[in-house]
Amino acid sequence: MQDILADRPGLDANAVEQRARAVLAEPLYWFPVRHHSPSAARFLAEALRARRPRVIFIEGPAEATELVQHIADAKTKPPIAIYSSYRDDDNVLGLAGIASSAPDVPAKWGVWYPLLPYSPEYVAIRVAKEIGAQVVFIDLPHHGLIAPHVAGEEEAEEEEEEGEEDDEVAPAEQASWENLAVESDFYRSLAETAGYRSWAECWDALFEVGGRHADAEEFRRDLTYFCAAVRATTSDERMLRDGTLAREDHMWRAIATTLAEQKLRPEDAAVVCGGFHLFMRRELVPAQVLPKGTVYATVAPYSYYRTSERSGYGAGNRAPKYYESLYQHTQGPVAVVADAPIRAMVDHVVAVLARGRRAGELLSSADAISITQHARMLASLRGHKAPTLDDVRDGIVSCCCKGRPEEEGRYLLAAMSEVEIGSAVGRVTPALGRLPLVFDFYRTIDELDLGETMGKEKKTKIALDLRQEADERRSVFFHRLAELGVSFAAIVEGGATNTLFREVWKVEWSPKVETQLIENNLYGDTMEAAATAKIDEELAREQDDAASVCERLLRATNMDLPGLVLRIEETAGHAIDADARLVSLARALTHLTVLRRQAARKKIREDVVKDLEGRCFARACFAIPEVANVPVEDHEEVLAALKSVAEALLGDSGVGFDSVLFVENVRSAYAESASPYLRGAMCGLLTETRAQPAEVLSQEILKFAQSRPEVMLTCGEFLDGVMATSRTAIMLGAQSLVEAFDVLLRAASWEQFLTMLPRTRKAFERLHDRSRVAFADRVAELYGLQEGEGDKLAQLDTSAGAAAWMARIDARVAELMKEWDF
């Protein structure tokens, strides 16, 4: 390692070496590791068995030390993860309403600390049990890094700080020193000189493969030197900003106080931590006061996928299954460590090719031989002692991809990714017990006789008849899970549709279900409490949005949350009165209509829902003139809202909607609108609701025939709007409509006709096939074709050339219409 440190710009190699030697010479035994490193795990186990310390300090969440016995339990099988969550119940950090949806909603944070079979921390825990050593987690609890809100700052500064908190203070997974290593000047210089394309390639080449280190002490020494150089080229300001210094102060206090309290000598202990932290200051500073609140810590099953970079995990493990294979080949009494990378490479290549063949790739044993030879040559050219994962990846692509990897090689790349990551899922000893919400989930599964759905990766469709009490309770349970974002159940049919008594759910248990439940535990100890808190949080954020509030009222009803329903009813009234947006009010009206139909079965007051419906309908009517001239990109959304309000009026079941109010506001919007499409839609609505006779549509078409050319050209848009909102009523006036349209076409020039044709054709495409046939019959009658003559040949009163041109034009228009977006 000394040769690597030499001649680095801005690095005092002698000072780095002296600092590293000082740490290595301390009576307290420091062992540097990288998270999820097979080599670090192997050498750490060797060192701990040789020294047999009485206590092992591990860089893990201090609040989870009591979970060590369950992690070490023989019935616990990695991959697993420690989950720690914090809820600021009393808003001591002042972040309610900033890091949460509203000032009365507590802010919450959660962090995962994954452990794989070859994670050094997990291996240390297992060896500690083997040698009878005590394990103490020493890292600062994650909520100790959350910066409290500082009142009086400018809004822009607050937004900037909130963004920094999201990125640095409350990570989704355990913090890693590798981020600092990658940013250090030493690593950048080393990568540039050696040609490393990534931090992972650098690590593998120096520490993971090639048998560079004969024993644990060589590994410990080289990694200590390496990390000393990284630390020497990292600024204190950077370490202060990301909480590294605060964490290290907590770690040293935990070490020093534990040794003092247990009257242990430093040589009786070992410290297992990220190599960067070996150089923490050895001073006792005042203990950091942790914010008060609710803290949960538990151990949960995890998966290789969630630990991989592909899922967004940032602790540096890019191929969990590949590194497991590398680790396994170094274990056992007859293992030949130097050959481990070769054997791991062979196993990996064979698995990738087998997976590729299943995807249809033409791969053979000859390809496997070529890949391994190619990877060895690449390793030699790059100065690697043995093939790294990068060499193996490049070998596979070079030998098996006949074209562009992202195109011709996409199935091969997918096979590589799947084999690198693996599908392993862990389990946790039953002795740990379960968090309250997880316990309530499994208790409910038993009560509802859903045990058969708990088979691993078993997909089941369950049809529910909501008139049956048992099925109603199952529906409530599934809806609560959906509210919490737990992927156990997904609705396929029913729900917010017009199906009142039938729902179909797709049910599938997977390991991530329990993980999702654990993440929701901060919302409450039971499914009911958690679902209630989740909707309360959403309501606080969207209390003036009529559509959102009414949707949540419907969801609360489906989840059988009567107390919440009463609160939302009041909130819904406020939201309806405060919301002036037609689209939002129309959606709210739809939700309320569904809710009214379910009122008797859900045992909610139908009169209250009808009152909300009436108020919502009236507010929606008053909002119609406001959309008379919305931008073109909002037309379809507005059109859907107008149709929803009209459908509510036509389907009025005793609510007593004011049809006069609707008609007056539609007429007002029609008069104010400058959009032919929206004017047509409103004219169609008036016809559909019987506010005007169908013949009025014919009169409007005739007006276009008598208008200026530029106005005439917009007739297709007007007719498109009509057809979008009136499907049945216009059939009553089909004869007069055809006659008026014939007048329009006779008045139009050939160029005007071609301009109007696409939009006019689109308008008629909206009609049902039977309606189009009916219109065609009217056209035939207008041109003298009598009933029963449809099968006779009609003489085309034009030349064959003109007829051919017309056919080509029609075909071309049809082709273009498929690509147009009106």
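At what angle do helix H15 and helix H17 pack, and how far apart are their axes? Helix H15 (residues 340–358) packs against helix H17 (residues 389–400) at about 40°, and the axes are 11 Å apart. This is a predicted model in which local features need pLDDT of at least 70 and side-chain atom pairs count only at pLDDT 80 or more, while totals for chains, interfaces and linings use all residues. Residues are numbered from 1 along each chain as its sequence is written, and side-chain values use heavy atoms, with hydrogens and water left out.

**Helix pair**

- From H15, Met-345, His-348, Val-349, Val-352 and Leu-353 make the contact, meaning heavy atoms within 4.5 Å.
- H17 contributes Leu-389, Val-392, Ile-396 and Cys-400.
- The contact residues comprise eight nonpolar, one polar and no charged.

**Sheet**

- An open, antiparallel sheet is formed by three strands in the order S4-S3-S7; strands (DSSP E runs) have at least two residues and helices (H or I) at least four.
- Strand S4 (108–115) and strand S7 (294–301) are the edges, each pairing on one side only; pairing requires at least two DSSP bridges.
- Eight bridges join S3 (residues 80–87) to S4.
- Tyr-83 has Trp-112 in S4 as its bridge partner.

**Helix on the sheet**

- Helix H21 (residues 511–520) lies across S3, S4 and S7.
- H21 runs at about 175° to S7, with angles taken from 0 to 180 degrees between N-to-C directions.

Terms used. Ala, Val, Leu, Ile, Met, Phe, Trp, Tyr, Cys and Pro count as nonpolar, Asp, Glu, Lys and Arg as charged, and the others, Gly among them, as polar.
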